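Here's a friendly walk through one protein model. Have a look at it first, and then we'll take it a piece at a time.

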Amino acid sequence: MDYQFAAIEKKWQRFWADHQTFKPEDSTAKPKYYVLDMFPYPSGAGLHVGHPLGYIASDIFARYKRLKGFNVLHPMGYDSFGLPAEQYAIQTGQHPAITTEANIATYRRQLDQIGFSFDWSREVRTSSPDFYKWTQWIFMQLFNSWYNKDADRAESIDKLIKHFEQHGSTGINAVCDEEVSTFTADEWRALDDRAKQTELLKYRLTYLRESTVNWCAALGTVLANDEVKDGFSERGGYPVEQKKMMQWSMRITAYAERLLQGLDTIDWPEPLKEMQRNWIGKSVGALVRFRISDFQFRNSDKSEIENSKSEIIEVFTTRVDTIFGTTFLVLAPEHELVTSLTTPEQKVDIKAYIAQAKKKSELERMADAKTVSGAFTGSYAINPVNGEKIEIWIADYVLAGYGTGAVMGVPSGDQRDYLFAKHYSLPIIPIIDIQKIETEADPTKEGRYINSGFINGLAYKEATSTVIAKLEEMGAGKAKVNFRMRDAIFGRQRYWGEPVPVYFKDGLPYLIDEKDLPLVLPEVDKYLPTESGEPPLARASNWKYKGTEAYEHSTMPGWAGSSWYWYRYMDAHNDNEFASKKAIEYWKDVDLYIGGSEHATGHLLYSRFWNKFLKDIGLVIEEEPFKKLINQGHIQGRSNFVYRLIDSEGRGTNTFVSHGLIKQYKTSELHVDVNIVENDIVDINKFKQWRPEYADAEFILEGGKYICGVEIEKMSKSKFNVVNPDDLIARYGADTLRMYEMFLGPLEQSKPWNTNGIEGVFKFLRKFWRLFHDDVWNFNISNEEPTKAELKSLHKIIHKVEEDVERFSFNTSVSSFMIAVNELTDLKCNKRAILQDLVIILSPYAPHISEELWVLLGNKPGTLSYAPYPKFNPAYLIEDEFAYPISINGKTKTNVSIPLSLDLKETEDFVLAHADVQKYLDGKAPKKVIVVKGRIVNIVL
């Protein structure tokens with residue numbers, strides 16, 4: 001029977017599900033291997049052909065590792081909390097859980113029909129209470145922890161409390177708020193509970209604070225920086241403004257150095273690691289304290305300076321050596337001192353500028369280096385090293401959350417400061433003797449300092465240490481390491497997310513009891529904020545802790561569940577722990593993680609943070625969660641276009657011009673559904689049926705066909721270039737789709753989708769099927785011993801695929817399979833000893849056809865996935881004879897196979913004695929015979 005892919009694929013998908021073929025053991029002598037895909041958000045649109053790319057690659061590798069004797073964990077689940085389901089709920093009133101469940105059913109059907117070897121018994125959903133119970137539990141552990149800088153790890157808050165009780169605040173070196181109290185043990189013990197909890201909140205790893213956030217009123221929530229573009233939400237295009245709100249935050253900054261150092265220990269793409277390094281943004285420099293004018297420093301009295309923080313502006317700089325070139329200070333528009341610094345004359349300008357700055361996200365403010373804007377507060381500061389009076393401005397290129405939210409303007413050494421000074425006619429002072437600042441700033445560290453008081457004549461290193469020493473002596477500064485990364489906001493003013501397991505008493509947050517987990521989302525009448533602006537959870541009727549205390553009404557952000565989910569797969573049904581100690585000790589970490597680079601500074605950073613915290617408190621054993629990471633490229637859409645004829649009055653007609661003729665006419669370009677186009681030729685009948693307005697369309701054809709235009713774009717519904725894998729599987733089968741997606745190009749590179757080439761892969765699989773059948777499609781396998789040529793062909797592919805899979809070069813394997821099948825077809829090979837091994841090698845790529853042939857070969861169903869991968873024998877690739885081209889008087893006449901073991905004279909004798917050569921010699925004696933060993937034999941008559 002010919003290759004009946006539809007029946008074969010359904011059969012084996014059903015078999016794998018019924019027999020749980022891919023369920024790993026939780027304890028075995030086999031080495032473990034954990035292969036993980038970034039789990040998807042189940043959108044209503046389902047999968048398009050771009051989505052499975054990474055899943056296919058990871059599945060090939062997982063199947064390959066099983067063949068190599070590994071106990072493979074390859075699970076799948078759903079990151080099922082998300083904005084789209086909630087937006088749909090707002091529009092329709094349908095509960096997000098119902099929408100999500102329907103979307104998951106679509107995803108599951110599509111994933112199953114592609115033939116992935118997932119262990120579905122471990123499926124997780126972040127929106128399921130039995131999963132988010134443990135997300136809430138981890139939040140509670142973070143709340144009950146603080147970061148001990150001396151131990152360089154998180155510790156229980158109980159240890160901090162014990163220290164306070166015995167020693168007060170003395171000797172505590174913690175990552176905490178800037179403003180913490182100092183007290184003795186007696187003073188601590190004398191505090192009431194409210195005062196103690198208020199102080200402890202300054203140390204907890206998750207805490208409440210006022211933060212500047214991206215607020216989207218239309219969506220009713222705070223957005224992450226990467227969810228905002230050009231002042232509008234990425235989803236929906238709604239206006240976004242900067243706003244201060246009380247928000248839950250997490251002290252990811254406590255782990256900044258460890259997050260940075262850990263990048264050197266993991267096998268991740270270097271560009272992605274560099275993105276994280278830049279996001280963490282470690283800077284070594286100094287903290288400088290500028291006094292606001294009219295308050296004098298007294299060098300002999302540091303305590304007065306230390307206690308006058310409202311009169312001080314603190315600045316972090318990496319170039320403290322340039323402090324004598326400071327001619328102005330710039331504060332972020334959100335800086336807490338802006339209001340008090342603004343003089344009556346400047347209030348209108350400052351208010352207008354702040355309103356303008358609110359419309360930009362922080363990313364936009366950082367990226368816009370060309371626009372110069374700012375506003376003068378009317379106040380002045382005093383440069384601590386020379387007593388000079390300098391203006392205090394605000395500008396949006398300074399961010400409240402980076403450093404101290406204030407910078408010293410040194411226009412001679414910084415280009416942004418230079419442009420700012422030129423624009424507002426502020427002084428520019430050269431401070432190094434070789435600086436050239438006529439047209440731009442010169443940030444050089446070479447040369448000697450000038451116009452710089454006590455560091456005049458010094459070089460960079462000596463000048464830097466001298467300035468820091470002087471600032472420390474004056475109480476006006478100190479050396480400091482700073483990180484660009486800020487604490488992570490951990491809250492959304494939305495309904496569809498994990499409830500925060502917190503209630504409030506006297507305005508302070510307290511954890512609910514662990515036995516009350518999970519705190520389940522309550523029912524609400526609407527999924528919108530309340531009329532007073534409270535989050536949707538405030539709509540819940542009588543939703544209070546123990547009936548009296550108000551719960552937190554914000555929910556957790558989208559990244560909460562994804563920051564630990566890989567551990568739940570290890571022990572998905574454990575009701576008592578997020579994962580058992582035994583399971584974690586066995587599976588340890590993820591060996592291979594595949595997903596998009598767009599998660600570099602979101603999920604991939606937060607996951608590393610949570611993993612390090614869980615290790616600190618003794619719950620996991622590995623410092624890093626993902627040993628190896630591969631970022632798969634995107635499959636881009638291949639759009640097709642039709643060209644509407646424009647009439648003499650500039651109006652669109654219902655006539656369409658073929659692409660090759662458009663230069664002859666005035667036309668407008670329109671996207672057309674790629675699913676009614678084949679090889680860039682539109683099906684005219686389907687086009688007329690596509691939309692009612694095209695039912696009577698007319699066409700100007702070329703060669704009797706309508707040829708479409710082509711462009712490579714992002715795959716999206718609006719461009720009608722989305723290709724549904726369901727359609728391709730129905731037409732060609734899942735094995736064809738799997739191999740074709742790999743055949744498109746290197747895994748890490750983005751590439752355009754082009755359905756035109758899929759037919760070739762389908763023909764290859766049919767040709768592979770034919771190797772096992774005779775001319776009338778009867779199964780026909782021989783038990784004869786294979787020939788040298790057949791063994792050579794087999795062992796070439798064994799070696800090639802092994803090498804390719806290990807280096808994730810799946811596209812070159814597909815080409816090699818095609819070559820091998822062509823060779824074996826030419827050899828008319830139907831030998832079991834060859835084809836059975838070939839089935840095993842191909843099975844990770846095309847598992848359905850391989851399973852069917854495996855059973856036809858007489859093997860037990862379900863055993864293919866755990867068959868041993870064939871061993872490569874290099875001896876079969878050694879050439880022991882060569883087909884020499886035989887040239888007579890410069891013209892090739894024939895080929896003669898000659899053992900390579902013969903020397904030149906023996907080769908010459910062999911050729912001359914050969915019957916085919918004798919025929920061409922026609923009895924003539926050669927004048928000369930030239931033998932190039934392993935290349936050619938040339939006979940001169």
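## Starting with a salt bridge

Let's begin with R691, which counts as partly exposed at 28% relative accessibility. On this scale, buried means under 20% relative accessible area, exposed means over 50%, and partly exposed is in between, using a 1.4 Å probe and protein chains only. R691 pairs up with E693 in a salt bridge, their closest N and O atoms being 3.8 Å apart. E693 is partly exposed too, with a relative accessible area of 45%. A salt bridge here is a side-chain nitrogen of Lys or Arg within 4 Å of a carboxyl oxygen of Asp or Glu.

Elsewhere, salt bridges that share partners tie R258, R608, K612, K615, D616, E623 and E624 into one network. In total, the structure holds 52 salt bridges.

## A word on the model

This is a predicted model, where local features need pLDDT of at least 70 and side-chain atom pairs count only at pLDDT 80 or more, while totals for chains, interfaces and linings use all residues. Residues are numbered from 1 along each chain as its sequence is written, and side-chain values use heavy atoms, with hydrogens and water left out.

## Two more bridges

The bridge between E155 and K159 has its closest N and O atoms 3.3 Å apart. Here E155 is buried, at 9% relative accessible area, whereas K159 is partly exposed, at 48%.

## The second largest pocket

How much space lies in the second largest pocket? About 870 Å³, a volume being the space filled by probe spheres set on grid points that are joined across faces, edges and corners. A pocket, on a 1 Å grid over the protein atoms alone, is an open set of points where a 1.4 Å probe fits, with protein on both sides within 12 Å along at least five of seven lines; lining residues have an atom within 4 Å of a point.

There are 27 lining residues, and the closest to the pocket's centre are F316, T318, Y402, V407 and D414. β12 (312–317), β16 (406–409) and α15 (415–424) each supply at least two residues of the lining. These labels come from DSSP runs numbered from the N terminus, with helices (H or I) of at least four residues and strands (E) of at least two.

## Two residues up close

D804 sits in helix α24 (residues 788–806) and counts as buried, at 0% relative accessibility. Leaving out residues up to four places away in sequence, D804 touches S809, T812, S813 and S816; contact means heavy atoms within 4.5 Å.

Y380 belongs to strand β14 (residues 375–382) and is partly exposed, at 28%. With residues up to four places away in sequence left out, Y380 touches I292, S293, K389, I390, E391 and I392. By contrast, Y380 and F118 are 65 Å apart in space, C-alpha to C-alpha, and 262 residues apart in sequence.

## The domains

The domain assignment, whose bounds come from an automatic or database source, gives domain 1 (22–130 + 563–631), domain 2 (139–255 + 497–551), domain 3 (282–483), domain 4 (639–726), domain 5 (757–871) and domain 6 (879–940). Between the C-alpha centres of domain 2 and domain 4 there are 55 Å.
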